[in-house]
Amino acid sequence: MNTMTYNGYHARIEFDAEDEVFFGKIAGISDVIGFHGDSVSEIKKAFHEAVDDYVQTCKTIGKEPQKPYSGKMMFRVAPEVHRRAALAAELSGKSLNQWAEEALEEAAEHFVEARLSA
């Protein structure tokens, strides 16, 4: 899996060996926006056009284009994970929110770097 970024939007790019075509979908928004191309330059161009078309279409119909992520996250974890995370935050002199944000940032950065270098 490969990714591309353009104007704050991200896409996951895959290759269909049977049809010999690259295809992608904009990630992180609920609107479904796909695109394809026969080469790397074509898929990049198609991605840029898809983002630009999406933003323009939203403007034309009076809809605010979705931007990936608000910054609010709500999820459940096992009580033991919650306890250990709260303890780790307290011992490092941070709120649980600050500690969790740093831990998530580090994990996400490591994951993305590993994917981009692959």
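**Salt bridges, a pocket and a surface patch**

E49 and K45 sit four residues apart in helix α1, about one turn of the helix. In this predicted model, their side chains are joined by a salt bridge, at 3.9 Å from N to O. E49 counts as partly exposed, at 40% relative accessibility. K45, at 54% relative accessibility, counts as exposed because the cut-off for that class is over 50%.

Helix α2 holds another such pair: R83 and E80, three residues apart, are separated by about one turn of the helix. Their side chains meet in a salt bridge of 2.6 Å, N to O. R83 is partly exposed at 45% relative accessibility, and E80 is partly exposed with a relative accessible area of 36%. Salt bridges with shared partners connect E80, R83 and R84 in one network.

A further salt bridge links E14 and R12, whose closest N and O atoms are 2.7 Å apart. E14 is partly exposed at 30% relative accessibility, and R12 is partly exposed with a relative accessible area of 43%. The count of salt bridges comes to six.

Next comes the largest pocket, with a volume of about 1300 Å³. Its lining has 32 residues, and M73, F75, L104, E105 and A108 lie nearest the centre. Helix α3 (96-117) gives the most to this lining, with 13 residues. β1 (2-6), β2 (9-16) and α2 (79-91) each supply at least two residues as well. By type, the lining comprises 19 nonpolar, seven polar and six charged residues.

M73 is found in the loop between α1 (40-61) and α2, and is exposed, with a relative accessible area of 56%. M73, F75, V77, V81 and L104 make up a nonpolar patch on the surface, together with about 470 Å² of accessible area.

Terms used: Residues numbered from 1 in each chain as written. Predicted model: local features only at pLDDT ≥ 70, side-chain atom pairs only at ≥ 80, totals over all residues. Heavy atoms only, no water. 1 Å grid on protein atoms, 1.4 Å probe; cavity = no way out; pocket = protein on both sides within 12 Å on 5 of 7 lines; lining within 4 Å. Points joined across faces, edges and corners; volume = space filled by probe spheres on them. Nonpolar A, V, L, I, M, F, W, Y, C, P; charged D, E, K, R; others polar. Patch = residues over 30% accessible without salt bridge, like charges linked within 9 Å, V, L, I, M, F, W, Y side chains within 5 Å. Areas by Shrake-Rupley, 256 points an atom, 1.4 Å probe, with all protein chains shown as cover. Salt bridge = Lys/Arg side-chain N within 4 Å of Asp/Glu carboxyl O. Buried < 20%, exposed > 50% of the residue type's maximum accessible area, 1.4 Å probe, protein only.
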